[in-house]
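Dear colleague,

Please find the structure below, handed over for your review.

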Amino acid sequence: MTGKAHNRVTNHHTPSEKVESVQKETGKKIPSEADFDPDAIDLERGLSEAEAARRLADYGSNSLEEKQTSATMRFLSFFWGPIPWMIEIAAILSATVAHWADFAIIMSMLIINAGVGFWEEFKANTAISALKKQLALTANVLRDGTWRNIAASKLVPGDVILVHLGNIVPADVKLMEGNYLSVDQSALTGESLPVEKKAGDTAYSSSIVKQGEMKAVVTATGPHTYFGRTAKLVESAGATSHFQQAVLRIGNFLILMTLALVSVIILVALFRHDPIVETILFALILTVAAIPVALPAVLSITMAVGASKLARMKAIVSRLVAIEELAGIDVLCSDKTGTLTKNELTVGEPEVFGAKDANQLIVYAALASSTNTKTGDAIDAAILHELGDQDKLKGFKTVHFLPFDPVRKSTEAEILSDGKRFFVSKGAAQVILDLVNPDMETRTNIEKKVNEFAQKGYRTLGVALREEDENWKFLGLLPLFDPPRDDSVATIEKARSMGLDIKLVTGDNTAIAIETARKLHVGTNIVPASKIFDEDGRHKDGEVIEKADGFSEVFPEHKYKIVQQLQSRGHIVAMTGDGVNDAPALKQADVGIAVSGATDAARAAADVVLTQPGLSVITQAMEEARKIFERMTSYAIFRISETIRVLLFMTLSILVFNFYPVTAIMIVLLAIMNDFPIMMIAYDNAPVAKKPVRWDLHRVLILSIVLGFLGVVSTFGLFWICEEYMNLPRNEIQTLIFLKLLVAGHLTIYLTRNTGAFWDKPWPNWRLFVVTETTQVLGTLAAIFGWFVTPIGWKFALLVWAYALVWFLVNNFVKIFVYRMFRRPSRSVEAKFDRINGWLHSHGILKGNSVYRVSK
């Protein structure tokens, strides 16, 4: 460890006064060697369950307690802020001029807005908490002489645990037994290189084991560790995706537009000498109703609800914003083992070279394996299963064991038997060959046999023996076979129908990869990593990477570069992985997917964590992500078009006709009744896009503007009919316009759900339909019987419904026409769109090249 890094570590030692502060704050004891001596812990039995329970009560959970705000305080916080202040000022003004009915409705709006915000935040936080629990770390702990996996939060000082390759160290520990540990603690100390640890050293909570395996004793847990949390696998919901940033940018534009138009209304009212209090009251209410204040909350709850559903599908999203990228994936780089195959390794017929027979070969291979099945090594488990009777190993004592790591690609053990010492090693055939370094004829024979096995789809392990003071001797080959999953071929075909290009990524040699790819129907254009990367790791030809069906003989560092090259060619890439060295590739990918059984480090780096093996989980998750994406797009179009429709109509009516088309109380009612349907959008039955989807701000804005403009035209049409032909009084016209804005606005929700006719499947979810129609009926009854508005009776109410439904059909066909223009723009349409695009860019709303761009 460098001096600088050492200082960083030692500076975190807790002074006595800080210990007292922490103890006072948590109410728990601080672990110290005065309470227990790590060196006195029985490393063969560990703690008893009873003692562990006592210490858990004394020292507390192995986690940092998050400061919780009470539900009451969270609810009250929704009455504080710019939007609540505006509503509260409006309520005060209503009371000042003794408009008590207005006052009651405005206060209702304030309470309902707070309730909606509180409920949406509660649902989102509940979903995120559930995801965190599913992603919580586990630890391999020894209690009552038995190894078991428990939640890392249940660890206590004095627990004996096993840390090995890929683990995130779950607590501060003192290393006790084992050859060595290579630990990445860069996130903790800033050191860029892994630190070598040995028995007697301390490994700190949240550092990552890069190599090795050791027994350790927990010395500090939870808030008493030097570096804090056990893991931070789930990011805050505050992170924003490209989709959210784009929609929020639109929201900011709408806010500025609202403030500008409302300012114009106030100035005109002052010029006309309208009552100042009522003018300000109307302006405040209009501003509150027009600003898309619920926009961020609706996006969050939509993604949180979707993430909960994905979790039930065994795909846990560690970042909510990853849902956007998951919906847009067009290339999936999939590893073979456990995703496309069953991860059920079986040993075939051994090929004996230097061993006495096959039985002896398997015994030596078992000696070079870890007998601790908790570490989850599939190869070791397959060999021990083939060995059968564990009594065959009774005469042997393992002095030192060097576990497998992905760089060395072998294991090695020092064995003592009948007073004699010898060494055994097993690993990739080529690695063991290089270790033994046999004569050319022997090497050629072994390599020939390896190739024969490979052509049948077998991986081969080499086994070697070195007796004391002698050279290594090659004992033989063990063929291993991992059969394809039963559903892999069908799932791959389905993925292709969804526009997904699947590329096989494996460390196996090319012959095995080709045979596996053939069985899986992936394609046999398998390229060895050595042909696309030079010795320095630089790629030779990006086009070869793009056109390949898969890659063989891949090292973890190659995965990172493969992802980079595909991204540089415009693809949204998902990469699966399970090992500690896969973490850089998982981080680099647009969507990093930690497969079932992945190491802690891979899970921490991934955006999606699978808890069930197989590719079908990924395709199901992609389908659900595309539905979520459609829901968010639907809401964005609805909210933008409604803001344009209401605000522009109000402003033009006041400026041109000197007529307030609705009263302040009507605006409040509209805002309240709009809140309920938009909450249900998160649960709607959305269509699944046939191809990967990408956020297209140009398309959303154009469609929103078109629908908003049609809304303004249709509302002025109703105003003209009422004024010129029906000669209705202005107060009745206001109620008619109120009802039209409510009915037509809610019908717009059905328009924005898809790109085709509103009657196309999937039909609306019952929650959305019932809530939307209930608010429409309530608004209609209010207009008929005069609840807070001038009554208009059944006749005029039905007339408004008929008028709104006719325009609903018109809007539906216009929407279909606009979408068709997006797909096949003519030159004249292209020119018009270019002019619109230029205007939007000049006002800072858009960034991009073309307003009619459609994702392929």
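Cavities in the predicted model

The largest cavity has a volume of about 100 Å³. Here a cavity is a set of points, on a 1 Å grid over the protein atoms alone, where a 1.4 Å probe fits but cannot get out, and lining residues have an atom within 4 Å of a point. Grid points are joined across faces, edges and corners, and a volume is the space filled by probe spheres set on the points.

The model is predicted: local features need pLDDT of at least 70, side-chain atom pairs count only at pLDDT 80 or more, and totals for chains, interfaces and linings use all residues. Residues are numbered from 1 along each chain as its sequence is written, and side-chain values use heavy atoms, without hydrogens and water.

By this rule there are four cavities of 30 Å³ or more. The largest cavity is lined by 13 residues, of which K336, G457, F481, D482 and T516 are the closest to its centre. Two or more lining residues come from each of β17 (473-481) and α17 (510-520), where helices (H or I, at least four residues) and strands (E, at least two) are DSSP runs numbered from the N terminus. The largest share, four residues, belongs to α17.

The second largest cavity holds about 80 Å³ of space. Its lining includes R645, S714, W807 and N811. At least two lining residues come from each of α26 (730-751) and α28 (793-823), and α26 gives the largest share, five residues.

Yours sincerely

Definitions and conventions. 1 Å grid on protein atoms, 1.4 Å probe; cavity = no way out; pocket = protein on both sides within 12 Å on 5 of 7 lines; lining within 4 Å.
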